[in-house]
There are 2 protein chains.
Amino acid sequence: MFGSVRKPGYVKSRAAGPSEISELQVWITSADSECDSYPSLTSDESYELTVDQPNAVLKASKVWGALRGLETFSQLVYEDAYGAKNINSTTISDFPRFAHRGILLDTSRHFLPIKVILANLEAMAMNKFNVFHWHIVDDPSFPYLSRTFPQLSQQGAYHPYTHVYTPADVKMIIEFARLRGIRVIPEFDTPGHTQSWGKGQKDLLTPCYSGTTPSGTFGPVNPILNTTYSFMRQLFSEISSVFPDAYVHLGGDEVDFSCWRSNPDIQNFMEQQGFGQDYSKLESFYIQKLKGYMIWQEVFDNGLKPDTLIHVWKGNQQQYKDEMANITSAGYHTLLSTPWYLNRISYGQDWQGVYRADPQDFKGTEAQKKLVIGGEACLWGEYVDATNLTPRLWPRASAVAERLWSAKEVTDISDAYSRLSMHRCRLVERGIPAEPLFTSFCPHEYKGV
Amino acid sequence: MFGSVRKPGYVKSRAAGPSEISELQVWITSADSECDSYPSLTSDESYELTVDQPNAVLKASKVWGALRGLETFSQLVYEDAYGAKNINSTTISDFPRFAHRGILLDTSRHFLPIKVILANLEAMAMNKFNVFHWHIVDDPSFPYLSRTFPQLSQQGAYHPYTHVYTPADVKMIIEFARLRGIRVIPEFDTPGHTQSWGKGQKDLLTPCYSGTTPSGTFGPVNPILNTTYSFMRQLFSEISSVFPDAYVHLGGDEVDFSCWRSNPDIQNFMEQQGFGQDYSKLESFYIQKLKGYMIWQEVFDNGLKPDTLIHVWKGNQQQYKDEMANITSAGYHTLLSTPWYLNRISYGQDWQGVYRADPQDFKGTEAQKKLVIGGEACLWGEYVDATNLTPRLWPRASAVAERLWSAKEVTDISDAYSRLSMHRCRLVERGIPAEPLFTSFCPHEYKGV
């Protein structure tokens, strides 16, 4: 079993001879099972599982816990040398350490066909992840087909028909995720990372100047025009109705101020507002005019509204820990991604570093630690598309999954190695091309080539 | 077009209006087409291709050139925005710079299902590779099912039935390769890298000693027993009949002398032979008793028979160049792999370093340079299996393919980038999950997820 189970408590089957489990009963104990709801940050994912002949019983307050428990049950089943399925008697009481356990996929740098996204939602469920952070648009392309502004993908997608997510596609992905207890949080990153937006929306981006004349290139979203905010209001209103989750990730990262600085109209505006030369104030001005829920850390660094979730992604090990300490000491909720940039590959067993990182491992009070809601493994899209995404993500993301679900004390690397090796073979057998950790074999090798 | 074509000589279609190619004529001009032969180191792969309405003509002396020319023809065809297939008028006279252009796959560290091997033979043909170096057995497992010594795979494979290559499998792989002009050179690496051999063949490996008693562990092949040589004679006799190629790679790399040194019988033998403490002499003694054709470089370093091919794989950039200079100045033929260990991944566009390396880039005379027969891209198996092998190998191996086929002067990186990007989309469209070089898209994304 991997990425799961607070107290494994394996018990050998009591009967000396062969015994059988004839039934798995699933009891949802709460009056509202939440079967028809969307999962949320506060969803109850706890469950209790008892395996004992002749019955196994899975109890959960809500459907979300039942889903997690079914996954655990399936992982308890093992095959013997003759191919027979076995399960040991056991009692498990399980719940996640963190409420937010996400995977970020980037569909802008490379378009990801629906099939790839669905396969990875399946793999996420097998690893008890519960958030799909969909970095849907960015500089290189705008594949989101907006009903309100169809020209955004018409002009900004790699191809207006073959490389877009239609409203039906998005709906299907959200429902497929919901059925697995996974939230879909879309990210529409602004004011930077918006080159592709500019193609379909006139006057949205800031014209950069070279000296006193426009250079012909464009920078971040233009934060001084009313048209910008009316556009954003309409777009985000659509987004809120398309994506049911309470959170929309507004990005806010890596804004290049040089274009704003070059533009005389922006300069005048800065002066009027009394921002001096501090362009981070202009970014905050912009972000505060959007109704922001969840953002990247720079926005915090530069000052922001309270009640916002801060996503930490930058810095070396010391720097991100300091950032987590600062954010939580200011009373904000936070989640961690810095050590989990799984797009950054290296030769060898880099899952170990991934596994060792802990989102609560920074200097702070117990109250501060409680403000950490979890983390996300990120697979940015520069070097991945449908050809290589799944084996690059799995089972490395499984190491993140266990860190975010299991008890803090579960840190033994060699124990994790053997469980993770088995788990990756389990993923392979279920059709997920999860790559090997090291020299080894799976009883059932990947057949999907 | 990528990995091909000495003098592209693109000519725009002469006719102003639409014109059509109605036929591609393939002429094999030699009396013996070699259609029923196996390819070899001296196979003629040259061809001439003329595309002009209403006919295209492909002329080659042998079938091998015709195969390469057909690949080029297919790469000249491009799709316009309406999906129509086009080809420009052109005349091409093409031949490879190096005769040995190989890919090494390792089926011991991870077993590779037949399907993966065949898919990669297809991809090799698309890239004009002509040698499949099959590193078939090694320490971790012995998947080769030997008719003479079936206990080798019975005991030494990961699984005796599901993780072996039967005689029929091997025959099929060799024929599949032959039909694409690809030689299959098997490697049975000895005397090191043989832990898996010891499981099915008693007394083959050297018992290691701890002080005056056997430690229970085993080292390299035992070179002082007559039984070793009678076993090897029978095994290699079978191998020579199963694999039609003139070359068998005997390995000879990374022999750990400490076990030999610990063993009193070996010590005595060393004394009798007058080898002193020089265990490399014992390795040469062993290798010379095998009929060796192609070996790793250490065997050269330690002294060997003439008429042998030396495979250079170690060292940093300066060291491997010095090694190539030394080997060729001693008059041996050589091939290069050091810069082409494609298993060693790093984040970013590492294909560029791969592309820049040149097997003739060392200090030496023209005569020395002529002793370089080519090179091989190696994908060792520690971290790859059926789940991730193909995207890890392609299109990075395509950079090696072009270096080994095209003229020495073809080195422009940005030109290579644009051709390689198109080529990788071509591979993807043909069902090979070749990974992206960078942020981009293919008109037809990978569908095989």
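**Entry 1: chain A against chain B**

I began with the area that chain A and chain B bury between them, which comes to about 3800 Å². Carbon and sulfur atoms account for 60% of that area. I note here that the model is predicted.

Next I looked up the contacts.

I looked at one pair, Asp385(B) and Arg424(A). Their side chains meet in a salt bridge at 2.8 Å, N to O.

I then turned to polar contacts across the interface of chain A and chain B. The list holds 24 residue pairs, with both residues at pLDDT 80 or more.

**Entry 2: two domains in chain A**

I moved on to the inside of chain A. It is divided into domain 1, residues 23-94, and domain 2, residues 100-430. I looked up the distance between their C-alpha centres and got 32 Å.

The two domains touch. I count 18 residues of domain 1 of chain A in contact with 24 residues of domain 2 of chain A. The area buried between these domains is about 1600 Å². Carbon and sulfur atoms give 50% of it.

Which residues of domain 1 of chain A lose the most area to domain 2 of chain A? They are Tyr38(A), Leu41(A) and Arg68(A). Together they make up 38% of what the domain 1 side buries.

I checked salt bridges between domain 1 and domain 2 of chain A and found two. I also looked at the side chains of Glu71(A) and Arg430(A). They meet in a salt bridge at 3.0 Å, N to O.

For polar contact, the count between the two domains of chain A is twelve residue pairs, both residues at pLDDT 80 or more.

Which element gives the largest share of the domain 1 side that touches domain 2 in chain A? I traced that share to helix H1 (residues 63-76), with seven residues. By class, the domain 1 side that touches domain 2 has seven nonpolar, five polar and six charged residues.

Definitions and conventions. Residues numbered from 1 in each chain as written. Chains lettered and ligands numbered in written order. Predicted model: local features only at pLDDT ≥ 70, side-chain atom pairs only at ≥ 80, totals over all residues. Heavy atoms only, no water. Domains from an automatic or database assignment. Contact = heavy atoms within 4.5 Å. Buried area = accessible area lost by both parts, 1.4 Å probe. Salt bridge = Lys/Arg side-chain N within 4 Å of Asp/Glu carboxyl O. Polar contact = N/O pair within 3.5 Å; in protein donor to acceptor, adjacent residues only side chain to side chain. Helix = DSSP H or I, 4+ residues; strand = E, 2+ residues; numbered from the N terminus. Nonpolar A, V, L, I, M, F, W, Y, C, P; charged D, E, K, R; others polar.
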